Amino acid sequence: MIRESSIHALVDRARRLAEGNRRAILGITGAPGAGKSTLAARMADELAGLAVVVGMDGFHLSNTELARLGRRDRKGAPDTFDVLGYLALLERLRRADEDVVYAPEFRRDLEESVGSAVPVPAGTPLVVTEGNYLLLDSGPWARVSGLLDEAWYVDLPDAERERRLIRRHVEFGRTEAAAEEWVRRSDARNADLVARTVGRADVVVELG
């Protein structure tokens, strides 16, 4: 494991993956609010035409299904995702033998996933996938890391990470009090679980 705080070094590292002789999958993980989505988007922007971002969050179970299962107030926990569907998508992306693979996308404004929203053409050399649980070592999640060529863990001090989370929840409709309660209860529990996976990462990213 190495630690990296230079965005330029990270871009170079991602570019080397894209320049390999087969499609590569780069996984970016970390606790809620650490900046995974931002870093993944930055890599795709810097490697324009070479990379596509596919988020794990596209495999959130629907709110209707979470309510049926009694898990609505735990949305974001490992058992509130279709992990087998996510694994199947990663396997298709690794094979790169279809003209195009369509991935789902999670829409925060809807709080739901939208299917077939992200096209990944066969000629795309790098897929960047980001999400909380890429390095979990229990249940079906344990199979995700074997489908990644590299895994980066985005590390951010808890105080700043929680501040960002509260702001994000407020921006998407929660009151300040409700946002703080959700971060303390649900997001904090998930963050503790994700923090235990840092030792399985190839790179720990410390951008601040």
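# Salt bridges and nonpolar cores

Glutamate 98 has a relative accessibility of 25%, which makes it partly exposed (buried means under 20% relative accessible area, exposed over 50%, and partly exposed in between, with a 1.4 Å probe and protein chains only). The model is predicted: local features need pLDDT of at least 70, side-chain atom pairs count only at pLDDT 80 or more, and totals for chains, interfaces and linings use all residues. Residues are numbered from 1 along each chain as its sequence is written, and side-chain values use heavy atoms, with hydrogens and water left out.

**Salt bridges**

- Side chains of opposite charge can pair when their charged atoms come close.
- The structure has 18 salt bridges, a salt bridge being a side-chain nitrogen of Lys or Arg within 4 Å of a carboxyl oxygen of Asp or Glu.
- Glutamate 98 pairs with arginine 92, and their closest N and O atoms are 2.7 Å apart. Arginine 92 is partly exposed, at a relative accessible area of 29%.
- Aspartate 79 and arginine 74 form a salt bridge through their side chains, at 2.7 Å from N to O. Aspartate 79 is partly exposed at 33% relative accessibility, and arginine 74 is partly exposed with a relative accessible area of 26%.
- Another salt bridge links aspartate 109 to arginine 107, with 2.7 Å between the closest N and O atoms. The relative accessible area of aspartate 109 is 49%, which counts as partly exposed; arginine 107 is partly exposed at 32% relative accessibility.
- Arg22, Arg94 and Asp149 belong to one network, joined by salt bridges that share partners.

**Nonpolar cores**

- In soluble globular proteins, nonpolar side chains tend to be buried together.
- The largest nonpolar core holds 29 residues, and Val54, Tyr86, Leu93, Trp141 and Val144 touch the most other members. A nonpolar core is a set of buried Ala, Val, Leu, Ile, Met, Phe, Trp, Tyr and Cys residues joined through side-chain atoms within 4.5 Å.
- At least two residues of this core come from each of strand 3 (51-55), helix 4 (83-95), strand 4 (100-107), strand 5 (112-121) and strand 7 (150-154). Helices (H or I, at least four residues) and strands (E, at least two) are DSSP runs numbered from the N terminus.
- Helix 4 contributes the most to this core, with six residues.
- A separate core of 22 residues lies apart from this one, and its members include Leu17, Ala34, Leu126 and Trp152.

**Contacts of tyrosine 86**

- With neighbours within four places in sequence left aside, tyrosine 86 is in contact with Met56, Phe59, Thr129, Leu134, Trp141 and Val144 (contact means heavy atoms within 4.5 Å).
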